[in-house]
Amino acid sequence: MALESQLLQYLFTGVTVGSIYALIALGFVVIHNVTGIVNFAQGDFAMLGALVAVTLTTRTPIFNRVFVADFDLPLPLGIVLSVLIVSLIGAVLYFLAIRPAKGASIVSLIIITIGAHFAFQGLALIAWAADPYGLPVFTRGGPLEIHGAILTRQNLWVIGVTAVILLALYLFFERTMLGKALRACAINRLAARLMGIDANRMALLSFVLSAAIGAMAGIVITPSTFMGYDSGTFLSLKGFVAAIMGGMNSATGAVVGGLLLGIFETVGAGFISSGYKDAIAFIVLFAILFVRMSVGVRKGQSQFEEVGM
Amino acid sequence: MNARHVLLVVAVSLLLVAVVAACAPAPTPTPVPTPVPPTKAPEPTKPPAPTAVPATYKIGVVVSVTGAQSSLGVPERDSALMIMDQVNKAGGIKGPDGLMHKLEVIVEDDASDTTKAVTAAKKLLEQDKVHTLQGASGSPMSIAMAAEAEKAKIPMISYASSSAIVYPALTAGTVVKIPGKPDHTASAGETWVYLARLYGAKEEDLMKANPDIKVGVVLPWVFKTPQENYPVSSVQADYWKAKGVKKVASLGVNNAFGLDSRLGMKALYKEAGIEIVADELFQPGDKDFRAQLTKIKGLNPGGLVVHATSAEGAAITVQFRELGFKIPIVHNHGIGAQAFIDLAKADADGVLFPIGKVLVADTLPDADPQKKVLLQYIKDYKAFTKDAPISTFGGHAWDGIQMAVTCFGKVGSEAAKVRDCYEGLKNFIGISGVFNMSATDHTGIAKESLVLVKIEKGKWVFVPADKYKDN
Amino acid sequence: MKRLAGRTNAIAFIVVAGLLAILPAFLANNYQVSILILVALYTILTVGLSLLMGYAGQISLGQAVFYGMGGYITAWLTVRAGWPPLAGMAIAALITAVLAYIIGIPMLRLRGNYLAMVTLGLNVIFELIVIQETAWTGGPDGFRGIPKFSLGGLVLRTDLEMYYFAWFVALLVLMLSLNIVNSRVGRALRAVHGSEIAAETMGVNTAHYKVQVFVLSAVYASIAGSLYAFWLGIISPSVYHISFSIELVVMVAIGGLASVWGAIFGAATVTLLAEFLRNTLPHLLRGASGEQEIIAFGVILILVMIFLPEGVTTGVMLRYRRWRAGREALKEIKKSAETMGAE
């Protein structure tokens, strides 16, 4: 394999992996923008989305083989239903855990979302046991070969879904009243409320939206990476790093951050050490935070010191 | 009613649901016969009073029902509980005293965590006063438990494969004199057995050359049922030689299982003259291996060796096919579960791996000594678990528990006698192989217990040694 | 008022120490002793984290790193370099302190979400290093052959001896922490927690105090890690997984933020609850295992943070005081109403 095609292969792989991080990062950004909360259970939305889709579309024994889910829905219908169900779960999370803790400190809110992460994981473990599950690829057919590097159809789906979601979010935030109201909340909650925007409803909406994005992310990667009850943890971690790389409050930034992270990781694992692949994300995170912080100090303040509601 | 009240109600009902879900009949079609109360078990060493019920024989099992190793722990737990039901339905174990003793198997979950494995082992040894300890599913947990078993002088059988469990490892950094060769500096996980293989010497000779290294060949109280990783690597090496492949790449999980498997590979491939051009790693639970595979592709190896368990192994196989490799892919025995085929689907076709015979039991020749036992186990296990898929892991537990049942029947429950009985087991027909234990071999099975299996159209197919070339 | 608090603490201290001293007489076996050794170790860890979270308002999801550093450095020094255990433990604590100081200065400028993620990241990297650098750490199989703790000719061989030693250290740590809390540093810390800007205006160097608490919590964790290594004789990477760091946060959440005594309660509740579930669930429902434990932790965390965000002990005490103050006030009102009526 020539060096050129190898580099191209790293790029393809990096972009595919990065798209996944980007999707999770988008979910983080939507909630963080509106509520100031970092939702540690974000990766679990992806896990739940994938496992619900699997249950709806293929014969799956659940609850310790007590029930057998035999819906056998066609894949597109299963995906739509799964996204809806997970959105509902997002709403339930908001009503049960976030809304009642109104006014809690940032440390309390972190602990609450960590608690939610545990609860989701445990429930998934009861429902689907510890086995990983896969989905069929969305479209059958051979891979594309460009200069000796391979790009599969599922990779194209992953990249495509990321692009479509980014575009849809852009249109939603820029072109609809509701989207503008959400943005208003993000910029200044009090002012938004004075303008008659219901901040609680906006917070609810942000949870629903980001659960839906998370579910879609989980579904689209499952054909090549599989999903089990504990897959959410690392998706959350990497997605959060991507979101910080992108500035934590910009959707476009989150996508760019995700893609860059994916490429760094892939190239790093290839050229430095595959054993330390998972460390790369965090080393990048440290570097970015410290660089930004020193820039912020020079400017007289640091945006990273001001994190809160 | 405000939001907080609603929340309380929901939280309580959520916990209730959790409990009810757990109440749902677990993989046991029949209820427990009558669990013995957890405390105040009759003292095993005292001879039973004439009117008393014969003492229950107790086996304590620690496996990973949850956590990273749960795909191993669940079939192990179910196999162990299945034997308890079978034995007790038949009235118990007939001890050397001629009385029928009930069998109790106490299963503990270590959640794939060393601290929990140790406290569970202590609980079983100290509180439940078990007569033999078994488990754990993973190697580090087994190693930590082995120390407790040695201290308590209770025989233990591990279900994990790392040779470091039964063979104490040399301290990393120790300089070992090799007769007739330059000195060797031991790195992590290396044992006398490893060095013996690596330098083609005998363990005893190496130990004689290094009298100041106070590490024995085996731990006296510790045994294990899974194959070593050496015979696995040896079968793989035979395959590469038959195919004429001289250069292979390796992709392995970065945990105890992967470390041991890679050590086996390094020792035996060197012997066979096969060069390892890449030794890539990944973390347990990783989902994406395309970075490592891309690097491997650039090196143009003649084959790929994977050291992984089902979930990661399947993802590697799928992504290996995605990237358009045209070379053979050989796994180790970590993927011996239906889950691998279910996940990798069509991409699993063509995968080769050395494994115990349970997966291909029905295609074995009738003359095979294990065939009858294997078919019976598969039938019983399917019935007991309501059709859960067969794996080799359940077999490791079956072997361990059956060894204990056999030895209780022969010598009773006294620890030292059970230990001697384990060490003296000969021609013991188990699921993982035909065991022949000895004072220097606490695993008891070798290369003969393994077969090369190929996945064809989603089924495991036995590949005889003379057909390696064509697969 | 302050002296009263001091006296209450002193009495509580003597009572707790006395109870712990006679407790082994009521324990049936080494398994139960071992569980209480773990409670002692987790108490040491929890006190540090509780001070960090409660007083400095900082969350660390990476305490397992310092716990692990204590373990691995001690193991290396005693096994490879042949040092006596106490020296190994002390140097491990010192190295951990220096490292915590170096990473603490830039890190503690971050707040809330970012700090949580950075500490989590540190934990992930630490675990990778421990697995990867097999020549130093023993790799995934773990570091074996760590000697028992000994001082002079005295060797702590049995679990019971280790029990007394672990609790002796834990009580020392508790005493030290109580002194810190009731000192000038403690008041400064409370000011930092209340309002950082206000504290800065009052001339409190907040960053300085935050780093000090961070280093203190790291040293505590390192000591607990050394004790763990001496006790089991083997340490392996799975012990220092991020899930352990998160479990420690659960202990703090239950024990109470900024509560020194709550640390024992939190550590004991989580450890004993896990063991209780392990011992009872399989007898109630066959085949039950870790799932319920995971959910229980999650739900407990959410409920505690919503209803008693200061932690169970602190929260209950606060509410009790408020209730009593309310009743007193009510009495006063009634009394004055009566006197007014009499007039």
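In chain B, the centres of domain 2 and domain 3, taken over C-alpha atoms, sit 29 Å apart; the domain bounds come from an automatic or database assignment. The model is predicted, so local features need pLDDT of at least 70 and side-chain atom pairs count only at pLDDT 80 or more, while totals for chains, interfaces and linings use all residues. Residues are numbered from 1 along each chain as its sequence is written, and chains are lettered from A and ligands numbered from 1 in the order in which they are written.

**Domains of chain B**
- The assignment gives domain 1 (55-166 + 374-446), domain 2 (175-217) and domain 3 (229-367 + 449-470).
- Where domain 2 meets domain 3, 4 residues of domain 2 are in contact with 6 of domain 3 (contact: C-beta atoms, placed from the backbone, within 7 Å).

**Chain B overall**
- Chain B has 14 helices and 18 strands, taken as DSSP runs (H or I, at least four residues; E, at least two) numbered from the N terminus.
- Of its 471 residues, 56% count as buried, that is, with 20 or more other C-beta atoms within 10 Å of their own, C-beta atoms being placed from the backbone.

**The largest nonpolar core**
- This core holds 361 residues (buried Ala, Val, Leu, Ile, Met, Phe, Trp, Tyr and Cys joined through C-beta atoms within 7 Å), and A:V241 and C:L301 are among those touching the most other members.
- Helix α10 (residues 206-232) of chain C gives the most to this core, with 18 residues.

How values were computed: Buried ≥ 20, exposed ≤ 12 C-beta atoms within 10 Å, placed from the backbone. Contact = placed C-beta atoms within 7 Å.
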